[in-house]
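Student: I have a new model open on my screen and would like to talk it through. Could we go over it together, one question at a time?

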Amino acid sequence: MAKVKKKTASSGDRELKRVDSVPNRNKSIITTIIIILSSIIAIIIAYQFRQSSSSSSVSHTIDANYQNILTENARVSQNSSHRHYTYPVLAYITPWNSRGYEMAKRFNSKFTHLSPVWYDLKSQQTSLVLEGRHNADKGWISELTKSGEALILPRVVLEAFPAELVRKKKLRNKAIDLIVTECKEMGYDGIVLESWSRWAAYGILHDPSMRNLALQFVKQLGEALHSISSKRNSEQQLQLVYVIGPPSSEKLQEHDFGPKDLETLSEAVDGFSLMTYDFSNPHKPGPNAPMKWIQIVLQLLLDTSGNRVKSLAPKILLGINFYGNDFSLSSDSGGGAIVGRDYLTLLEKHKPELQWDKNSGEHFFLYTDDKDIKHAVFYPSLKSISLRLEEALSWGCGISIWEIGQGLDYFFDLL
């Protein structure tokens, strides 16, 4: 390819030397080259457009009725390695759902980060212990690192007594040492840390001094991880992704994670896994993550007067659920989460009419069970996921998926 270009260039040089004698011939050559280049560019743009829009065009047809979903859900693009979403994509995998491990291997190239839910940091008398190494699957990790570039960041839940951990410097240092040591010994690329919701429940975030100590702990952990190089790539530091919950109302409360917290942790944290799901529950049946709610959450975090906060949008990993809910509409309420196989079973049994809720941007259907109790089922669809990807893209955010073993195969074509 390089030789052809070189030959063309030298030929062009010879023509330019004779520009006075053959001006018309020069003009013809230049015009021809421009036409050829324009055609090539047009072909490339058209191809890329078809690639990027193919998934979204499917979303308007397959989701139309249950027969299409049952027929098409397992069919995926032959080019399963092509990424449509260019910002970071973090995928959670749980030990109790082995399908997630398979999806991670099958669609490895779709993800930038994989987070197996393996670890808990707990109090043990006057010290701490990190539990969960028995969950770690070294064979699976080896397969992933050989076939793709996704970083492996296991999730660590901070279950230690919050007040003691935050107050005592010795315990904070111990926690950091346990986590860093585990990353070194197991060859991880960092961790995903979850602690904010527990700290809120224990009142840590209501006290300004305690809140400051809690934030300092997260910063200290991030700095410790950043001081160590990844075993896979010596030029890359270990990373810290921090899990944050969505604000509890349209106005930030004192225990909510807000723009100031985002800015405080921005240097030490590589990504913020935002849990924009579980909006509804059995006592308040409804959509899992209404679009309007998602927009409000992003506005509270990012739509501020400070340009610094807006520039941090790529570090926000907007939560997208791959699970759904089957709610009982009886006076006793009830129901709960369902995964892909449960959803397909319900479609086969009840052959329901799928409805699109414009307000929430989600599909749902109604059915009556064997005990004559009415149910409402909300489960992701290609259309609902596409809308959320478009919203994240408009802000310049990444995404985080809970969790990839719970979805349908063709969901991955959108990523």
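Student: Is K349 buried or exposed?

Tutor: Some ground rules come first: this is a predicted model, where local features need pLDDT of at least 70, side-chain atom pairs count only at pLDDT 80 or more, and totals for chains, interfaces and linings use all residues. Residues are numbered from 1 along each chain as its sequence is written, and side-chain values use heavy atoms, with hydrogens and water left out. Buried means under 20% relative accessible area, exposed over 50%, and partly exposed in between (1.4 Å probe, protein chains only). K349 has a relative accessible area of 53%, so this lysine is exposed.

Student: Which residue forms a salt bridge with K349?

Tutor: A salt bridge here is a side-chain nitrogen of Lys or Arg within 4 Å of a carboxyl oxygen of Asp or Glu. The closest N and O atoms of the pair are 3.5 Å apart. The partner of K349 is D370.

Student: Where do D370 and K349 lie, and how many residues apart are the parts they tie together?

Tutor: Helices (H or I, at least four residues) and strands (E, at least two) are DSSP runs, numbered from the N terminus. D370 lies in the loop between β13 (362–368) and β14 (374–378), while K349 lies in helix α13 (residues 340–350), so the pair ties together parts separated in sequence by 21 residues.

Student: Are R211 and D261 buried or exposed?

Tutor: These two side chains meet in a salt bridge, 2.6 Å from N to O. R211 lies in helix α9 (residues 208–226) and D261 in helix α10 (residues 259–265), so the pair ties together parts that are 50 residues apart in sequence. As for accessibility, R211 and D261 are buried.

Student: How many salt bridges does the count come to?

Tutor: Side chains of opposite charge can pair when their charged atoms come close. Another example is R75 with E72, at 3.2 Å between the closest N and O atoms, and there is also a network that links R99, R106 and D409. The count comes to 13.

Student: With which side chain does the side chain of E403 make a polar contact?

Tutor: E403 lies in the segment after β15 (398–402), and its relative accessibility of 0% means that E403 counts as buried. Contact means heavy atoms within 4.5 Å, and, not counting residues up to four places away in sequence, E403 touches Y92, I93, T94, N97, G100 and F322. A polar contact is a pair of N or O atoms within 3.5 Å; within protein, one must be able to donate a hydrogen and the other to accept it, and residues adjacent in sequence count only if both atoms are side-chain atoms. At 3.0 Å, the partner is T94.

Student: Which residues have the most contacts inside the largest nonpolar core?

Tutor: A nonpolar core is a set of buried Ala, Val, Leu, Ile, Met, Phe, Trp, Tyr and Cys residues joined through side-chain atoms within 4.5 Å. The largest one has 102 residues. Leaving aside neighbours within four places in sequence, W199 is in contact with residues including L158, F217 and Y242. Those with the most contacts inside the core are F111, L193, W199, Y242 and Y343.

Student: Which residue takes a positive phi just after α7?

Tutor: Helix α7 covers residues 169–186, and its buried residues include L171, R172 and M186. The residue just after α7, with a phi of about 75 degrees, is G187.

Methods
Expected span 1.5 Å × (residues − 1).
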